[in-house]
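Subject: Structure for your files

Hello,

Here is the structure you were going to look through. My notes follow below it.

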Amino acid sequence: MIVKKAYNGLKTSWKGLLITLKHFFGARKSKKLPGIQDPDYFAEDTGVVTLQYPHQKLPIPEVGRYQLHVEIDDCIVCDLCAKICPVNCIEIESIKATDVIGKTSDGSVKRLYAPKFDIDMAKCMYCGLCTTVCPTECITMTNQYDKTVWQVADLNYEFATMTEEEAEQKRLELEKQQEERRLAKLAAATKKEEDK
Ligand code: SF4
Ligand code: SF4
């Protein structure tokens, strides 16, 4: 009985050693980097089976869904992306401009400022819905998948470029315009009453 156990022990140890030796000598070959369309994308029988990341990276699909980016100059602050997001990880604040601000690269007229445009990538489920509803196609999924951070709060990406002072200035301008319009309406109504 003891002899049989010892024999089995030696046999399995030898098998394990052979596997180790196979990979030890096979490791002289580097891992291939096949394209994503290659049927052998995940196959690696011999050689190094892991990548020397970050020096080596597997090619990723062109339509892969990775980190979001917002080209804020092309955003019309319509809020559609925030509304459709299933996990509410997009937070947008808007301030109505007193006049047309300009145009996006696709010719859409901009009438709103965005003092806040945050995307919490820690909550994002990479569904891509926000990119499909955007009328100016300014929110896109990039090929950047590695955004390692020490603090989870750093995964909250801020795309707005306005300072708090600039945002306050725009709010005041809007309030002033609204007040002027209110007074003008009041004056017009008073005059109408007097003319009766
Ligand atoms: S990809 Fe999906 S979950 Fe992520 S921000 Fe866009 S809509 Fe939200
Ligand atoms: S859907 Fe596009 S244009 Fe509208 S707020 Fe989002 S990023 Fe901006």
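**Notes on the model**

Tyr-126 sits in the loop between strand 5 (112-120) and helix 3 (129-133); helices (H or I, at least four residues) and strands (E, at least two) are DSSP runs, numbered from the N terminus. This is a predicted model, in which local features need pLDDT of at least 70 and side-chain atom pairs count only at pLDDT 80 or more, while totals for chains, interfaces and linings use all residues. Residues are numbered from 1 along each chain as its sequence is written, chains are lettered from A and ligands numbered from 1 in the order in which they are written, and side-chain values use heavy atoms, with hydrogens and water left out.

Back to Tyr-126: its phi is positive, near 55°, and the residue is not a glycine. Tyr-126 is partly exposed, with a relative accessible area of 26%. On this scale buried means under 20% relative accessible area, exposed over 50%, and partly exposed in between (1.4 Å probe, protein chains only).

Val-77, also not a glycine, has a positive phi of about 55°. The loop that holds Val-77 runs between strand 1 (68-70) and helix 2 (80-84). Val-77 is buried, at a relative accessible area of 6%.

There are two ligand shells to check. A residue is counted as near a ligand if one of its heavy atoms lies within 4 Å of it.

- Ligand 1 is surrounded by 13 residues, the closest being Cys-85, Cys-124, Cys-127, Gly-128 and Cys-130. By class, 12 are nonpolar, one is polar and none is charged.
- Ligand 2 also has 13 residues around it, and Cys-75, Cys-78, Asp-79, Cys-81 and Cys-134 come nearest. This shell divides into 11 nonpolar, one polar and one charged.

For these classes, Ala, Val, Leu, Ile, Met, Phe, Trp, Tyr, Cys and Pro count as nonpolar, Asp, Glu, Lys and Arg as charged, and the others, Gly among them, as polar.

On the overall layout, the chain is divided into domain 1 (1-59) and domain 2 (68-171), with bounds from an automatic or database domain assignment. The C-alpha centres of the two domains lie 45 Å apart.

Helix 1 (residues 2-26) has one buried residue out of 25, so it lies largely in the open.

Lastly, the unreviewed UniProt entry places a "coiled-coil region" at residues 157-196; such annotations may be inferred rather than shown by experiment. In the model that span is 80% helix and 5% strand, with its end C-alpha atoms 59 Å apart.

Regards
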